[in-house]
Amino acid sequence: MWAYIKKNNLQNPENKREILADATLKPIFGADKVTMFEMNKHISKHVK
């Protein structure tokens with residue numbers, strides 16, 4: 001996940017703790033942006 005975020009420059013430059021959702025991540029996160037701590041909660045819903 002971090003490789004995808006870094007490759008697509010999805011960290012908020014003003015607040016590195018925020019991940020900005022692109023079209024691929026928005027359905028997973030359910031929001032335009034999430035903190036890295038919230039990101040793990042959203043991802044865990046999709047991984048078994």
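Me: Where does K45 lie?
Reply: K45 lies in the segment after α3, the helix that covers residues 36-44. Keep in mind that this is a predicted model.

Me: Okay, and is K45 buried or exposed?
Reply: K45 counts as exposed, because its relative accessibility is 61% and the cut-off for exposed is over 50%.

Me: How far is K45 from R17?
Reply: Their C-alpha atoms are separated by 20 Å, and along the chain K45 and R17 are 28 residues apart.

Me: Is F37 buried or exposed?
Reply: Exposed, with a relative accessible area of 61%.

Me: And M36, where is its place, and what does it touch?
Reply: M36 is also in helix α3. Leaving out residues up to four places away in sequence, M36 touches W2, K16 and R17.

Me: How far is M36 from E14?
Reply: The C-alpha atoms of M36 and E14 are separated by 14 Å, and the two are 22 residues apart along the chain.

Me: One more in that helix: is H42 buried or exposed?
Reply: H42, which is found in helix α3, counts as buried because its relative accessibility is 15%, and buried means under 20%.

Me: What does H42 touch?
Reply: Setting aside residues up to four places away in sequence, H42 touches I28, F29 and V34.

Me: Let me zoom out. How many helices and strands are there in the chain?
Reply: The chain has 3 helices and 2 strands. Starting at the N terminus, the elements run α-β-α-β-α.

Me: What box do the C-alpha atoms fill?
Reply: Taken along the principal axes, the C-alpha atoms fill a box of roughly 30 × 20 × 15 Å.

Me: And what share of the residues is buried?
Reply: Of the 48 residues in the chain, 27% are buried. The accessible surface of the chain comes to about 3,700 Å², and 54% of that belongs to carbon and sulfur atoms.

Me: What about contacts between residues 24 or more positions apart?
Reply: Those make up 12% of the contacts in the chain that have a separation of 6 or more.

Me: Switching to charges. How many positive and negative side chains are there?
Reply: There are 9 positive and 5 negative side chains, and the centres of the two sets lie 7 Å apart.

Me: How many salt bridges does the structure have?
Reply: A search of the whole structure finds 2 salt bridges. In one of them, the side chains of K33 and E18 meet, at 3.7 Å from N to O. That pair links distant parts of the chain, 15 residues apart, with K33 in strand β2 (residues 33-35) and E18 in strand β1.

Me: Why can side chains like that pair?
Reply: Side chains of opposite charge can pair when their charged atoms come close.

Me: How exposed are K33 and E18?
Reply: K33 is partly exposed, with a relative accessible area of 44%, whereas E18 is buried, at 15%.

Me: What else does E18 touch?
Reply: Not counting residues up to four places away in sequence, E18 touches L10, Q11, N12, K33, V34 and T35. With N12 there is also a polar contact of 2.6 Å between the side chains.

Me: And which residue forms a salt bridge with D32?
Reply: That would be K26, and the closest N and O atoms of the pair are 2.6 Å apart. K26 is partly exposed, with a relative accessible area of 40%.

Me: Last topic, N9. What is its phi?
Reply: N9 has a positive phi of about 55°, although N9 is not a glycine.

Me: Where is the place of N9?
Reply: N9 is in the loop between α1 (2-7) and β1 (18-20). It counts as exposed, at 64% relative accessibility.

Key. Residues are numbered from 1 along each chain as its sequence is written. This is a predicted model: local features need pLDDT of at least 70, side-chain atom pairs count only at pLDDT 80 or more; totals for chains, interfaces and linings use all residues. Side-chain values use heavy atoms; hydrogens and water are left out. Helices (H or I, at least four residues) and strands (E, at least two) are DSSP runs, numbered from the N terminus. Buried means under 20% relative accessible area, exposed over 50%, partly exposed in between (1.4 Å probe, protein chains only). Contact means heavy atoms within 4.5 Å. Accessible areas come from the Shrake-Rupley method with a 1.4 Å probe; for residues, only the protein chains shown count as cover. Lys and Arg count as positive and Asp and Glu as negative; His and the chain ends are not counted. The place of a charge is taken as NZ of Lys, CZ of Arg, CG of Asp or CD of Glu. A polar contact is a pair of N or O atoms within 3.5 Å; within protein, one must be able to donate a hydrogen and the other to accept it, and residues adjacent in sequence count only if both atoms are side-chain atoms. A salt bridge is a side-chain nitrogen of Lys or Arg within 4 Å of a carboxyl oxygen of Asp or Glu.
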